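Hi everyone, thanks for coming. I'd like to walk you through one structure today, so please have the viewer open.

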Amino acid sequence: MARTPAVEHSFAAACPLPVGPGPSPCGAGAGPGAGAVDADVGGAVLRAARAVLAERVAQASEIDASFADELAGRVRDFTLEGGKRLRPRLLWWGMRACGAGDATTTEAALRLGAALELIQTCALIHDDVMDRSRLRRGKPAVHIGLAASAGLSPESERGSAFGTSAAVLAGDLALVWADDTVAETALPAPVRRRVGAIWRSMRTEMVAGQFLDLHGQAAGDSSAARALRTACLKSALYSVERPLLLGAALADADERTTAALRLAGRGAGIAFQLRDDLLGVFGDPGLTGKPSGDDIREGKPTYLLAVARERADAAGDGGALDVLGRAVGNPDVTEDDLGNVRAVLEATGARAHVEREAEHLGEEAVRRLGEAVDVGSYAGRQLLALVRAVSGGRSGPSPTGPAAGEGPDGHDGRADQTLTTAEGGHSR
């Protein structure tokens, strides 16, 4: 298979940024009330989420006992029982590195962290319905559990219809609760306006990213530009950049600091997705916890596959294009077929190209973070470690050796080796 020159793609075009002033350093001081949370951010968010959800389920019980037990309670349990609280941790350390941490801001940050967990619950429940996934976090997916709890077989037409329909409602309920939690959080008026604008953008971007992913599979859109745009919306904005900006908003960070954090989050988020694409094909199932090659079988329109196609096409390599055409999107693909796909990704230079891009994006994210906050302070070090772990840089995973975990894009993420210890506390 012929090697071809690199095909250039514009990450800036996939994730265009608003034009604004350059970054300036953000302060590192903090008031009282945050020290205990620093030691265990995930645990503090869990406690806040437990309090919020107890109130929501109690309200649901007043409406209807069956609704509360079967749907509201399931949303509560799903939210509390899994995940690594990545988004709340990014929010928290973004806020702390920008100098905030008084009692009022601490409470607001924890409530917004709980809201982020709820919107993630919405994304995961809906994602499993769309992907027809049977398992989530080692347990039956919500739509499977709902069918079974109604005494129906998830395999039957009736059980499948009930389970998927009820799961859509469960996801909707999680989103409603997330919005309610944000709306009921006490914030100064200027901060509330900033938080509201970020929250509204994040919700819409999350839906847009999922739609582009679905549309790419259905329409067979394999362009690199489309793959980058999807990665931007699903991983960079929703999972990394927006949570960081929520933390900056709570700290009332200036425009220059916010601009630098935006760039850091965007670079780290796209780097994560590129590494996740690599692990979907080359990862060790014993480490990732997922079968290698699932992205190929499902026909995921990843940047990795798009680069391989573009390079093979530019070289007139019909054999490589034929290998990709037969295997990608074929649920019955064999191990030999997957081996041939890996060979194409190697021979076209697509794997090496994506690895280089991910490394560059991760380095740029770290550099931008250093322009935004004092990475020598305690909070700055925690945020730096978290950004490195997300992007897969130093203190982060190798391209082919991560541990299993839940990733920023809402799937059981494969590129998340060190998030559990990045902040020096407990993770969940």
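Let's begin with the surface. The protein chain exposes about 16,500 Å², and carbon and sulfur atoms supply 54% of it. Those accessible areas come from the Shrake-Rupley method with a 1.4 Å probe, and for residues, only the protein chains shown count as cover.

Now a word on what you are looking at. This is a predicted model, where local features need pLDDT of at least 70, side-chain atom pairs count only at pLDDT 80 or more, and totals for chains, interfaces and linings use all residues. Residues are numbered from 1 along each chain as its sequence is written, and side-chain values use heavy atoms, with hydrogens and water left out.

In the protein chain there are 18 helices and two strands. These are DSSP runs numbered from the N terminus, with helices being H or I of at least four residues and strands being E of at least two. Of the 428 residues in the protein chain, 57% are buried. Buried means under 20% relative accessible area, exposed means over 50%, and partly exposed is in between, with a 1.4 Å probe and protein chains only. As for contacts, meaning heavy atoms within 4.5 Å: among those in the protein chain with a separation of 6 or more, 77% join residues 24 or more positions apart.

Let's zoom in on a helix pair. Two packed helices are described by the angle between their axes and the distance between the axes. How do H6 and H8 pack? Helix H6, residues 103–131, and helix H8, residues 157–183, have axes 8 Å apart at an angle of about 165°. The axes here are lines fitted to C-alpha atoms, for helices over the stretch in contact, and angles run from 0 to 180 degrees between N-to-C directions. H6 and H8 are therefore roughly antiparallel to each other. On that scale, angles under 35 degrees count as roughly parallel, over 145 as roughly antiparallel, 65 to 115 as roughly perpendicular, and the rest as oblique.

H6 passes H8 in a left-handed crossing, that is, the near helix is turned anticlockwise from the far one by less than a right angle; clockwise would be right-handed. On the H6 side, the contact includes Arg-111, Leu-118, Thr-121 and Val-129, and on the H8 side you will find, among them, Ala-170, Asp-172 and Trp-177. The residues of this contact of H6 with H8 divide into 15 nonpolar, five polar and two charged. For the classes, Ala, Val, Leu, Ile, Met, Phe, Trp, Tyr, Cys and Pro count as nonpolar, Asp, Glu, Lys and Arg as charged, and the others, Gly among them, as polar.

Two residues of helix H4 bring us back to this pair. Thr-79 is in H4, and it counts as buried because its relative accessibility is 2%. Thr-79 and Thr-121 are 42 residues apart in sequence, yet 5.9 Å apart in space, C-alpha to C-alpha. Beyond its neighbours within four places in sequence, Thr-79 is in contact with Leu-53, Arg-85, Glu-117, Leu-118 and Thr-121.

Leu-71 is also placed in H4, and at 11% relative accessibility Leu-71 counts as buried. Leu-71 and Ala-170 are 99 residues apart in sequence and 6.0 Å apart in space, C-alpha to C-alpha. With neighbours within four places in sequence set aside, the contacts of Leu-71 are Ser-66, Leu-146, Ala-166, Leu-169 and Ala-170.

Next, helix H7. How many of the eight residues of H7 are buried? Six of them, so H7, residues 142–149, is mostly covered. What covers the buried residues of H7 includes H4, H6, strand S2 and H8. After H7 comes Gly-151, with a positive phi near 80°.

Which residues have a positive phi although they are not glycine? Arg-132 is one of them, at about 55°, in the loop between H6 and strand S1. Arg-132 counts as exposed, at 70% relative accessibility. Asp-252 also has a positive phi of about 55°, and Asp-252 sits in the loop between helix H10 and helix H11.
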